[in-house]
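Thank you all for coming.

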Amino acid sequence: MSLLIKVVTAVSCVLVLLIGALPLSSDAQLDNSFYRDTCPTVHSIVREVIRNVSKSDPRMLASLVRLHFHDCFVQGCDASVLLNDTATIVSEQTALPNNNSLRGLDVVNQIKTAVENACPNTVSCADILALAAQISSVLAHGPDWKVPLGRRDSLTANQTLANQNLPAPFFNLTQLISSFAAQGLNVTDLVALSGAHTFGRAHCSTFVNRLYNFSNTGNPDPTLNTTYLQTLQAICPNGGPGTNLTNLDPTTPDTFDSNYYSNLQLQMGLFQSDQELFSTTGADTIAIVNSFSSNQTLFFENFKASMIKMSKIGVLTGSQGEIRKQCNFVNGNSVGLATQATKESSEDGMVSSI
């Protein structure tokens, strides 16, 4: 018996050693308290910059949530979306879903400057994006969550993936589910993260086809509330430039709440990709929309879980990537914050569906 115990113990020790030698997954290396010793004030620094900016530009809160999404869906949450064009990098900012629609790039630079002053060469731009999304949600009276930290910044961008991976506002439900599944996100994640359209604004060009010539029928989208249709047609005339803006949520445009789902029940989703969640016959998403509409706490809990899940997509950790000194350039290729030529729009138009 004692011999058997010794053998079992020996085997157990070997297994422990082998398991301990296995590399941890990247997301397992993220930690809510990653900067506790190296930059304990990082959260308050990020919050202060965003709070000040949002006083004069409340729409910036939605823009920063969107910027995090646009980052994570393209080669992971690695701040690749922030990289400018250089001799060796083709920026994601000029991809179709981003061109003339990304906002918040300058705010991220403000945050990075403040963080670098307090904690040089310590906090990644990817983590700043994740923190900015969480803080923006809270400032808009939405859910709060602990952000897993420890991401590092990419050395490259991928414009091709940006064009491929970011879901479009004209996607049907099958396309949306496929787009999210490619990132390891399920149907509940899709419906919860779509709730980010509870605030922010969009250019007419991203949905005008629904108003006059849906799917080349010569008629409006039949799933669009007729009164809402008339309101949108007044904002977005047929044949117009498509640059006018309208609220994603016509009821509480700057507040993070569950009204997005109530709007879908009334056929008042702005994008086709929004309304598809409720108006696709027999879809599993309908019950989720109904539950989130009737229970804002349930929506908030699911949004938090899905944001944390999304924020772990394809992260770089440990010795991977780098900690950029300036968010728009990889280290060694900076030309100074003052001369950056980012492709930032003056308005927060939307091309992707989130």
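What follows is a short tour of some contacts in this model.

Please keep in mind that this is a predicted model, in which local features need pLDDT of at least 70 and side-chain atom pairs count only at pLDDT 80 or more, while totals for chains, interfaces and linings use all residues. Residues are numbered from 1 along each chain as its sequence is written, and side-chain values use heavy atoms, with hydrogens and water left out.

Let me begin with the helices, which, like strands, are DSSP runs numbered from the N terminus (helices are H or I, at least four residues; strands are E, at least two). Helix α4, residues 105-118, and helix α5, residues 125-139, have axes that come within 10 Å and cross at roughly 115°; these axes are lines fitted to C-alpha atoms over the stretch in contact, and the angles run from 0 to 180 degrees between N-to-C directions. Contact here means heavy atoms within 4.5 Å, and on the α4 side V108, I111, K112 and V115 meet C125, I128 and L129 of α5.

Now to the rings. A pair of aromatic rings is described by the distance of the centres and the angle of the planes. Rings of Phe, Tyr and Trp (its six-membered ring) pair if their centres lie within 6.5 Å, and planes under 30 degrees apart count as stacked, over 60 as edge-to-face and the rest as tilted. The structure holds 17 aromatic pairs, and one of them, Y261 with F292, is edge-to-face, at 5.3 Å centre to centre and 70° between the planes. Because Y261 lies in helix α11 (259-265) and F292 in helix α13 (285-294), this pair ties together parts that are 31 residues apart in sequence. Y261, at 0% relative accessibility, counts as buried, as does F292 at 2%, where buried means under 20% relative accessible area, exposed over 50% and partly exposed in between (1.4 Å probe, protein chains only). Both rings belong to a cluster linked by ring pairs, whose members include W145, F199 and F303.

Which residues does I313 contact, leaving aside its neighbours within four places in sequence? They are C72, G76, C77, Q183 and L185.

Finally, Q93, in the loop between α3 (60-72) and α4, is buried, with a relative accessible area of 1%. A polar atom of its side chain lies 3.2 Å from the backbone oxygen of V81, and the backbone oxygen of L82 lies 3.0 Å from a polar atom of the Q93 side chain.

Notes
Polar contact = N/O pair within 3.5 Å; in protein donor to acceptor, adjacent residues only side chain to side chain.
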